Amino acid sequence: MLRLYNTQTRKKEEFQTLEEGKVRMYVCGPTVYDNAHVGHAMSALVFDIVRRYLQYSGYDVNFVMNFTDVDDKIIDRASTKGVDPFELAEGYIKEYKDHLDDLNILPATVNPRATEPKTMKQILAMIEGLIEKGYAYTVNGDAYFRVHKDDDYGKLSGRKLEDMQAGARIAVGDIKENPSDFAIWKNAKEGEPAWETPWGNGRPGWHIECSAMCLHELGESIDIHGGGNDLIFPHHENEIAQSESFTEKPFVRYWMHNGMMQLDGEAMSKSTGNLVTIEDFLADHESDVMRMLVLNGNYRGPLAYTDESITSAENGLKRLKSGFRPATAKAAGTDTETLTAKTTATRDAFTQTMDDDINTAGALGHIFELVRSINSARDAGANAEQLRDAQETLRELTGVLGLELSDKEGSGGADKFIGLLIDVRTEVRAQKLWALSDQIRDKLNELGVNIEDGKEGTSWRWE
RNA sequence: GGCGACGUAGCCAAGUUGGUAAGGCACGGGUCUGCAAAACCUGCAUCACGGGUUCGAGUCCCGUCGUCGCCUCCA
């Protein structure tokens, strides 16, 4: 039985879907005004893992991740660069999707955008409905949500309206009825992207578009809504306020929030420039490394991005891959009762651990134990057939976590030539010309080829 | 100031309803090897601190110190 930590109740709760066997899941995607950084990757990976595990558990998952493709920052950035805001957004969306693909993140069922006609229509319908019910009002072409009208405002973040009043800013000449009220529609200035409405031409506020896309794609009530924990307030709080005031139905059953990735002890942030882009990361590391980093921690807690944690993740991956090495050439077979038992135990433990709020670090621990059992059995002489079930299980479980664990490959037809070098080196070793054979080994190693001299001859692989 | 999360070995980190601490990285010893690498075997913590509840607490309660996030755009 899967249990998930619900931000709203601050407790782990049994997971029950609205509709038998089906999960409606919405994750807040990025505002596309700049290159994405590894913090975005962390969030995307966390929810990809959740999604994969739900599917593994037998659920049919309708996974929606949006793109915010119109907002103040996009407009500012486009104006600074002298380009069209829509083209700017389009470019970053394409880049982001490529990154997700590179990171082996399953594509969303649908990626709605704020500016799509279907979304805009929904947004307008919501704003009109909210105005009609008295939850919103218009001023000078803007529309604001009347926070005081919503009795349970603050239930997600645990804030009280009175407490927030003290810190809320009241801009000079603020036209809002109350400082806490937030914009659901912004009047467009000259030359800015705008859509036509009865109260003025403009663009949607940040919060309303998510509510609208969620409603349009998944319905009035959904099972899981996810995002970074920096979105809890005000973004998700406001989404709840708008959605529930409009539909009068409970908006989300389980709120899931991932922790922030830390660089130099601080959260990465576009505004402070404290970040590493996904592009830079992938230029130096294979995508599994990023995923491993995430899997080794708790999705809700902060994740340190350091040279040491990256190295640790890389070495851990090598170890996982070692489990897939084939049986030795002259494997005579051995008693595999222990391995069989370990395989079954690992499968059970994996599910049980993941069921406890997607405990990936714990699940990884079980997988590593299976790896050791496989390697141990291989060393003891287990043949390919005897290793098969355990290795298939290893492949399956690491696959649920989204790890690819693929062998590295050399370029072109290099393998043949390396094979030739190995043969030559074998001759050299037979003649006990150690200095020369070591030189060949070292030089190949520098080229990324790892050589191992074993009992049954020399083997090699790309690393 | 308000709300929240957290503090387990050198580092990352797990720890369902309390019963004497998974796993990974790094490090030491050993097997194997011409040497090495890999793999395997093996060694390495009493859980921030101080109280309390209990037969018994990392695991519940109170306090202290510390770290981080949010309260303005942010995954």
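Chain A holds 15 helices and 15 strands; both are DSSP runs numbered from the N terminus, with helices (H or I) needing at least four residues and strands (E) at least two. The model is predicted, so local features need pLDDT of at least 70 and side-chain atom pairs count only at pLDDT 80 or more, while totals for chains, interfaces and linings use all residues. As for labels, residues are numbered from 1 along each chain as its sequence is written, chains are lettered from A and ligands numbered from 1 in the order in which they are written.

Let's start with the whole chain. Along the principal axes, the C-alpha atoms of chain A fill a box of roughly 90 × 50 × 40 Å. Two residues are in contact if their C-beta atoms, placed from the backbone, lie within 7 Å. Among the contacts in chain A with a separation of 6 or more, 73% link residues 24 or more positions apart.

Next, the domains, whose bounds come from an automatic or database domain assignment. Chain A is divided into domain 1 (3-280), domain 2 (315-400) and domain 3 (414-462). The centres of domain 1 and domain 2, taken over C-alpha atoms, are 40 Å apart. Where these two meet, nine residues of domain 1 are in contact with seven residues of domain 2. On the domain 1 side, β1 (3-6) and α1 (38-56) each supply at least two residues, and α1 gives the largest share, with five. That side has six nonpolar, no polar and three charged residues. Here Ala, Val, Leu, Ile, Met, Phe, Trp, Tyr, Cys and Pro count as nonpolar, Asp, Glu, Lys and Arg as charged, and the others, Gly among them, as polar.

Now follow the protein to RNA strand B. A residue is near the strand if its C-beta atom, placed from the backbone, lies within 6 Å of it. Of the 71 residues around RNA strand B, Gly-39, Gly-228, Gly-316, Gly-362 and Gly-365 come nearest. Helix α12 (residues 360-379) contributes the most to this surface, 11 residues. By class, the surface near RNA strand B has 21 nonpolar, 33 polar and 17 charged residues.

The strands come next. Two strands pair if DSSP finds at least two bridges between them. Strands β5 (residues 136-139) and β6 (residues 142-145) are antiparallel, with four bridges, and Val-139 stands opposite Asp-142 in β6. They form a hairpin with two residues between them, and Asn-140 in the turn has a positive phi of about 50 degrees. β6 is also joined by three bridges to strand β7 (residues 182-187), again antiparallel; Tyr-144 has Ala-183 in β7 as its bridge partner.

Elsewhere, three strands make an open sheet in the order β12-β11-β13, with mixed pairing. β12 (266-267) and β13 (303-305) are the edge strands, each pairing on one side only. β11 (residues 261-263) pairs with β13 in the parallel sense over three bridges, and Met-261 stands opposite Leu-303 in β13.
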